[in-house]
Amino acid sequence: GSRREPLSRSNRFSGRSSAWVQGRLATQGGRRRAVDDNGARTAVKVRASTDGAGASAGVKEKQPPAFYRVRLFTFIGILVGYACYYLTRNSLTYTAPVMVASKDLGLDVSSIGAMTSIFPIAYGMSKFVSGVLGSMMSASRLLGLGLICTGLINVCFGFGSSLAWFCTLWAMNGILQGVGGPCCARILTSWFATEERGTYWGMWNIAHNLGGFMAPLLAGSAASSLGWKWGMWAPGMIGMVVGCILVLGVKDKPETAGFDPVEDPTAGGGSDGATSETEAVEEEEELPAEAPQKESIRQILFDNVLKNPFIWGMALTYFFVYVIRQGVT
């Protein structure tokens, strides 16, 4: 009995020690697993951050040299194409003085004012509608066909002789002119990543100045030397030729030309990198893969445009810019 007492105490002590050691080991093992899990999650986030931060750089690494040749052609195409839109838009401005001076037409300054007043109304309505249509169909084809039609209207304008004919055709020209801007914007954003888009968007805006520079030289010179009809015919024929090149050569997006997209369509944009990384990880783990669904016209119009306060703010700002711009012109 005296020997069993110390033995039992020793057993109890060793049992407590064993339990304490096992508890410590379990705690350390849990911490190691937590560290490993956190390290794995951190690695996933770092990879996502690296992929997101180097979107444009990643494009340069993975795209073949042919991609940049096609992209350069596309950029030059939309730049020259929109410059030709401006050429066929401003042709009447530099042909009108010769038309007023022509005794056969019997027009005065008020007649020219009637024609030019119809244009901005038709242009504004068209730009609103064509922005929605450009999201539902081929932007490059719509851009090229619009330029061909506006060039054809300039040519038909030169065959008229009545004020009603001139007003009708110039209103149709305003409707077709609204196609150019939204289509160019969609093509440019498809071919250039977010980090480089601002640079190329600024260079594309040279098209406004290029078209405004070409109009007085071409339309004004042709009208003063060859007659007012050639002031409309020359820009119209150039517009039709460039429009055909756009339809045949310009691609909507890299996928249409057989290349990978410049940005991952499933990656969320935005400046909050940590939030987007966390959301990307959570979506990868929790949400099943679903096929992308194309938005309807109603969703594009109401959800993305009419309910967006930033769109209304920019529209109001652009309204006052155009008041000054049209008044000076």
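Is Cys156 buried, partly exposed or exposed? I looked it up: Cys156 is partly exposed, with a relative accessible area of 29%. The cut-offs I used are under 20% for buried, over 50% for exposed and in between for partly exposed, with a 1.4 Å probe and protein chains only.

Source notes. This is a predicted model, in which local features need pLDDT of at least 70, side-chain atom pairs count only at pLDDT 80 or more, and totals for chains, interfaces and linings use all residues. Residues are numbered from 1 along each chain as its sequence is written, and side-chain values use heavy atoms, with hydrogens and water left out.

I found 0 disulfides in the structure, a disulfide being a pair of cysteine sulfur atoms within 2.5 Å.

Salt bridges. I counted 2, taking a side-chain nitrogen of Lys or Arg within 4 Å of a carboxyl oxygen of Asp or Glu. Glu196 pairs with Arg71, with the closest N and O atoms 3.0 Å apart. Glu196 is in helix H8 (residues 194–204) and Arg71 in helix H3, 125 residues apart. Helices are DSSP runs (H or I, at least four residues), numbered from the N terminus. I noted both Glu196 and Arg71 as buried.

The other entry is Arg197 with Glu263, at 3.3 Å between the closest N and O atoms. Arg197 lies in helix H8 and Glu263 in the loop between helix H10 (228–249) and helix H11 (273–286), so the pair ties together parts 66 residues apart in sequence. Glu263 is partly exposed, at 25% relative accessibility.

Asn90. I placed Asn90 in helix H3 (residues 65–101). Asn90 is buried, at 19%.

Methods: Helices (H or I, at least four residues) and strands (E, at least two) are DSSP runs, numbered from the N terminus.
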